[in-house]
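The stops below are in the order in which to select them.

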Amino acid sequence: MSDERPDDPQVRYDQARYVENGEYEPLLSEKDLTRVEIGGGEETADGESPLPDDLTRDSLELPELSEPELARHYTRLSQMIYGIDSGPYPLGSCTMKYNPKFTEDVAALPSAAVHPDRSEGSVQGNLELLYRLQDYLGRIGGMDAVTLQPPAGAAGEFVGIRVAAAYHEHNGEGHRDEVIVPESAHGTNFATAALGGYDVVSLPSDDEGRVDLEALEAALSENTAALMLTNPNTLGLFERDITEIAELVHDAGGLLYYDGANLNALLGRARPGDMGFDVMHYNVHKTFATPHGGGGPGAGPVGVVDDLAPFLPAPRVRQREAESAGGEPRYERFEPDHTIGKVHGFHGNWLVLLKAFAYIARLGDEGLADASASAVLNANYLAERIEYDVPYGPFHHEFVASAGEQDAADVAKRMLDYGVHPPTTKWPEIVPEALMTEPTEVESKATLDRLAAAFNAVAGEDDATLADAPERTTARRIDQTSAARTPRLSWHHLEDE
Ligand SMILES: *Cc1c(COP(=O)(O)O)cnc(C)c1O
């Protein structure tokens with residue numbers, strides 16, 4: 001990546017504007033010009049530095065700031081962005097729910113910070129927790145065995161597809177080289193199948209936005225390795241024909257993969273395993289606490305039915321059969337017989353898993369079922385309240401509205417001016433100018449009304465207003481393509497240019 005400053009007049013213009021409006025928050029080094037010099041280079045007895053010349057410096061100059069100045073700086077920065085603690089965040093398919101702070105407290109316990117290389121006997125509590133989380137997730141999904149290793153949903157998909165491949169190979173069915181993915185699926189499903197070495201067969205939706213059974217029958221063959229399905233799908237619609245779909249896939253000798261990103265809609269009510277799914281991932285950072293976004297970290301455990309368990313990544317945790325009198329450890333790591341190997345260090349993202357465990361344990365069966373009920377109720381309430389057209393329904397935990405003649409990206413920018421975060425836009429593509437909205441279970445009716453009011457205010461505005469939005473945010477329209485392609489990774493003072 002280049003650290004040369006790209007030509008980005010828009011960003012530069014905005015920075016100048018913040019300075020003018022007093023909205024610009026200077027860097028700490030700009031705030032204070034008195035500098036404290038810290039240390040010189042390390043020297044050995046013979047006066048030579050042990051480090052290469054280009055890695056040494058004579059001294060480090062740091063700004064000298066008081067504690068309140070420092071606290072205010074970070075508070076100001078936090079106020080310049082919009083986060084889950086600022087207001088509703090209805091980003092469909094991402095489940096940006098507010099996460100209870102107690103899960104953070106649990107992750108911050110000193111006993112949570114253990115070195116992953118410690119002996120089994122000295123980390124029995126940690127292993128028990130991982131074991132019980134495997135068990136919780138297995139019971140929630142209706143799966144027989146779970147690995148906690150994958151660090152995200154997409155990584156879980158990759159593991160699931162590799163496990164499916166190993167299973168087919170083991171059964172002398174290695175010729176199966178196709179994975180079927182519905183056209184409304186998340187981009188990671190297509191990417192996973194391709195990265196797993198498969199040809200991707202795209203499956204059209206029917207008029208109601210669900211899997212088209214005839215098209216599925218036509219797509220299935222002796223080359224089918226798996227069908228990847230999200231249920232409810234990305235339109236928030238439950239696949240009513242799921243048992244029939246499962247039968248068709250199994251009759252063709254394929255496996256049924258469940259993308260668990262929308263598990264929030266089913267928690268405590270229905271289980272993918274009971275619907276006929278053979279393998280699934282859980283996005284614990286979407287369903288069971290941990291703030292999602294900003295690239296992680298997350299966790300994407302994978303659950304499978306018995307037949308696939310021997311192929312799961314290692315290590316997993318199991319309980320020893322007999323409790324020995326000599327105080328032998330009860331929980332141990334083990335490697336499944338035909339494991340596909342390791343996909344992450346140790347057990348995966350331990351602190352994320354710990355938060356998921358705490359969340360599930362605190363809510364219990366009833367709490368989880370309540371969470372899905374509220375998620376579904378909130379989505380349906382909001383869908384009724386907004387003036388944008390919502391072409392499909394009834395929904396589960398999310399819905400997709402259409403911005404119609406307006407540009408969905410402009411609608412999103414404008415919603416920021418009304419003090420709320422916009423929904424996911426322009427996807428899935430079967431709804432033109434899609435506004436994919438997931439209010440989540442944690443928002444109150446008052447907040448949903450405020451969100452609906454923001455949608456409806458924007459729905460009545462003209463293109464010129466939308467094209468100029470947002471007006472009230474600290475950063476306005478930035479050049480997102482340049483920001484992504486040529487990120488500026490070093491800082492230069494404006495006046496130095
Ligand atoms: C978020 C999402 C994924 C990918 O999960 P990550 O945890 O973000 O890697 C896959 N499928 C669907 C439907 C999703 O919404």
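Start with helix H5, residues 124–141; helices (H or I, at least four residues) and strands (E, at least two) are DSSP runs, numbered from the N terminus. At 1.5 Å a residue, the 18 residues of H5 should span 26 Å, and the end C-alpha atoms are 26 Å apart, so the two values agree. The expected span of a helix is 1.5 Å times one less than its number of residues.

This is a predicted model, in which local features need pLDDT of at least 70, side-chain atom pairs count only at pLDDT 80 or more, and totals for chains, interfaces and linings use all residues. Residues are numbered from 1 along each chain as its sequence is written, and side-chain values use heavy atoms, with hydrogens and water left out.

Stay on H5 and colour its buried residues (under 20% relative accessible area, with exposed over 50% and partly exposed in between; 1.4 Å probe, protein chains only). Among them are Leu127, Leu130, Leu133, Tyr136 and Ile140. The buried residues of H5 pack against strands S3 (145–147), S8 (279–281), S10 (316–319) and S11 (331–334), and against helices H10 (272–275) and H12.

Next, select Tyr136, Arg139, Ile140, Gly268, Arg269, Ala270, Arg271, Ile360, Ala361, Gly364, Asp365 and Leu368, which line the second largest pocket. On a 1 Å grid over the protein atoms alone, a pocket is an open set of points where a 1.4 Å probe fits, with protein on both sides within 12 Å along at least five of seven lines; lining residues have an atom within 4 Å of a point. The pocket's volume is about 230 Å³, this being the space filled by probe spheres set on the points, which are joined across faces, edges and corners. Which helix supplies the largest share of the lining? H12 does, with five residues.

Now go to Val302, in strand S9 (residues 302–304). Is Val302 buried or exposed? Val302 is buried, with a relative accessible area of 0%. Leaving aside neighbours within four places in sequence, the contacts of Val302 (heavy atoms within 4.5 Å) include Val146, Pro150, Val159, Met280 and Leu312.

Finish at helix H14 (residues 445–459). Its buried residues include Leu448, Leu451, Phe455 and Val458, and what covers the buried residues of H14 includes H12, H13 (408–417), S14 (434–437) and H15 (463–468).
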